Amino acid sequence: MKGLRATLAFVGLLPWIRGLAHRELHASLAGAIDAAFFSLCHHAPERTLLLGGDAMCVCSRCAGLYAGVFLAAVWPWRASPTTLRIVFPAGAALMMADILSQDLGLHAPWHPLRLATGAIVGFTATAWMLSEVLGSGRRGCHVNRREALAR
Amino acid sequence: MHPRRFFPAVAIGGAITGFALALPIVGDILRCALCIGVMAGSLLSMKLWLDAHRAENLTPIDAAMLGACSGGVCGAASWIVSVPIRLAFGPALSDFFMERAFLPDFLKVNLRGLYTDDFASIFMSLPLQVVLYGVMGALGGFLGLQYVFVARREAQ
């Protein structure tokens with residue numbers, strides 16, 4: 001379980017490390033991170049945040065999504081799957097509303113909203129998955145203990 | 001459930017998606033909306049597995065594992081398909097696309113990023129890409145079971 005959380009935290013933090021420490025990273029490593037993320041995100045310049053004068057390797061909505069994945073991975077409390085089952089579709093609907101209104105030209109791309117909607121979806125989806133995995137792990141341990149006692 | 005059991009299905013689903021994502025234009029359309037391409041690959045793999053195992057259902061952990069395997073295969077396939085293109089035609093393709101007036105700017109920037117990496121970057125991007133796609137695939141597999149294949153969800 002710690003391995004899963006660590007992997008999720010690593011992936012969630014990676015574009016932010018690339019953006020915040022771009023001058024300290026070796027050029028080839030920075031290029032490798034860029035190459036990995038370039039194939040997952042459109043990277044449109046007007047929809048991408050600038051950190052220290054350089055564009056991030058993902059757009060602002062994806063940056064929010066990865067931040068949400070990271071936060072869910074390091075979040076110490078376990079959220080109820082029932083609550084997340086309701087909150088996730090609400091967050092996804094909010095994000096879809098923003099995508100549609102932006103692409104229909106009703107408003108210009110607004111980074112705080114893109115970050116926030118991405119973060120809600122990333123956080124709730126990851127927290128939901130972790131809570132289900134954690135829950136089944138605990139139930140599994142409980143069953144194993146009962147079986148051991150029965151023997 | 002051992003991840004090896006998913007393998008014929010995830011190899012097919014992941015490879016098809018990875019190939020599509022590595023193609024110029026098609027891949028650009030797929031990556032326009034978050035990681036929808038990788039998540040669609042997880043759904044394809046899940047459908048293939050469920051069709052081949054009609055008597056079995058999936059728990060959320062199985063679904064996430066299946067999605068992660070599919071995502072990993074997708075990342076590796078996408079990398080393998082794109083490497084010869086990047087190494088052999090990288091700079092030439094980049095110049096070609098940058099000079100086309102009819103292409104939107106975001107597509108040009110994307111294509112330049114895909115085709116002008118040095119060899120070390122390309123080599124190091126493989127493990128990153130596999131892990132990254134694996135995580136997104138796991139989320140896609142988990143959400144796919146919750147919303148698309150609800151009838152095949154097994155109670156834990």
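This is a predicted model: local features need pLDDT of at least 70, side-chain atom pairs count only at pLDDT 80 or more; totals for chains, interfaces and linings use all residues.
Leaving aside residues up to four places away in sequence, A:M129 touches B:A64, B:A138, B:L139 and B:F142; contact requires C-beta atoms, placed from the backbone, within 7 Å.

I then turned to the largest nonpolar core, which has 75 residues. A:M129 is among those with the most contacts inside it, along with A:V58, B:A64 and B:L139. Such a core joins buried Ala, Val, Leu, Ile, Met, Phe, Trp, Tyr and Cys residues through C-beta atoms within 7 Å, buried meaning 20 or more other C-beta atoms within 10 Å of the residue's own.

I noted the numbering: residues count from 1 along each chain as its sequence is written, and chains are lettered from A in the order in which they are written. Local features need pLDDT of at least 70, side-chain atom pairs count only at 80 or more, and totals for chains, interfaces and linings use all residues.

I checked confidence. Chain B has a mean pLDDT (per-residue confidence, from 0 to 100) of 81, with 81% of its residues at 70 or more. The complex receives an ipTM of 0.84 and a pTM of 0.85 from the predictor.

I examined a pairing between chains. Helix α2 of chain A (residues 27-38) packs on helix α6 of chain B (residues 119-147) at about 45°, with axes 7 Å apart; helices are DSSP runs of H or I, at least four residues. The contact includes A:G31 and A:A32 of α2(A) and B:S125 and B:L128 of α6(B).

Methods:
pLDDT is the predictor's confidence in each residue, from 0 to 100. A residue is buried if 20 or more other C-beta atoms lie within 10 Å of its own, exposed if 12 or fewer, and partly exposed in between; C-beta atoms are placed from the backbone. Two residues are in contact if their C-beta atoms, placed from the backbone, lie within 7 Å. Axes are lines fitted to C-alpha atoms, for helices over the stretch in contact, and angles run from 0 to 180 degrees between N-to-C directions. Helices (H or I, at least four residues) and strands (E, at least two) are DSSP runs, numbered from the N terminus.
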